[in-house]
Amino acid sequence: MADTKITDLSSAGTILGTDVTNVVRSGTDYKTTVTDITTYVSGALVEKERIVTFQIPGTLATGDGTGLGTRGFLVPSIYNGKNLVSCVAVVETAGTSGSANLFQVRRVRSASPVDMLSTRIMIDAGEVSSTTAATAYVINTSNDDVATGDVIYIDVDQLNTTPPTTLTVYLGFV
């Protein structure tokens, strides 16, 4: 990322930065990245959101989760005290027929797992994004915080009869 001075921004601007961070890895190759989105208006900090991106390639199977996802993100100290504020899931190719695809965000702290969502992320059959889901996700505000050393997992809880391919989940923390 090129350095940008706050004074060089127009009256409203955004600085993006991407870092590689610690990943707990098991099974199929996948990608996890962290992106900082810092928004300034008239030189004043408006918001700094950290986005964690999980990607599970290939045709999804409930073995990729079924309540116990194996692909995790180890929370670094820069996230300490942040809260989950947004979730978006997309797939490369839509699944077809049967029930909707359901994904849970799970946090493990001191070997104690909790669901971060009270209503799971949904991608309807024939759709490629959770943004148009019949039922929107709901963040469980009792479990939305993260601390250094937590591990965040994406659980693949339910899939279409013909499952989608390549899941990418974006989690926003402020």
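Below are a few worked exercises on this predicted model.

Residues are numbered from 1 along each chain as its sequence is written. Local features need pLDDT of at least 70, side-chain atom pairs count only at pLDDT 80 or more, totals for chains, interfaces and linings use all residues, and side-chain values use heavy atoms, with hydrogens and water left out.

**Exercise 1. Work out how far to trust the model.**

Start with pLDDT, the predictor's confidence in each residue, from 0 to 100. The protein's mean pLDDT is 77, and 67% of its residues reach 70 or more. Next, look at residues 1-29: pLDDT stays under 50 there. The model still has 58 contacts beyond four places in sequence for that stretch, a contact being heavy atoms within 4.5 Å. Where pLDDT is low, the predicted coordinates should not be read in detail.

**Exercise 2. Describe the overall build.**

Count the elements, which are DSSP runs numbered from the N terminus: helices are H or I with at least four residues, strands are E with at least two. You get zero helices and 13 strands. Now check the contacts with a separation of 6 or more: 70% of them come from residues 24 or more positions apart. Then turn to burial, where buried means under 20% relative accessible area, exposed over 50% and partly exposed in between, using a 1.4 Å probe and protein chains only. Of the 174 residues, 43% count as buried.

**Exercise 3. Find the aromatic cluster and say what it connects.**

A pair of aromatic rings is described by the distance of the centres and the angle of the planes. The rule is that rings of Phe, Tyr and Trp (its six-membered ring) pair if their centres lie within 6.5 Å; planes under 30 degrees apart are stacked, over 60 edge-to-face, and the rest tilted. That gives two aromatic pairs. One is F73 with Y79, edge-to-face at 5.6 Å centre to centre and 65° between the planes. F73 is buried because its relative accessible area is 1%, and Y79 is buried at 1% too. For Y79 and F173, the centres are 5.6 Å apart and the planes are at 75°, so this pair is edge-to-face. Here Y79 lies in the loop between β5 (72-74) and β6 (84-93), while F173 is in strand β13 (residues 165-173), 94 residues apart. F173 is buried, as is Y79. Put together, ring pairs link F73, Y79 and F173 into a cluster.
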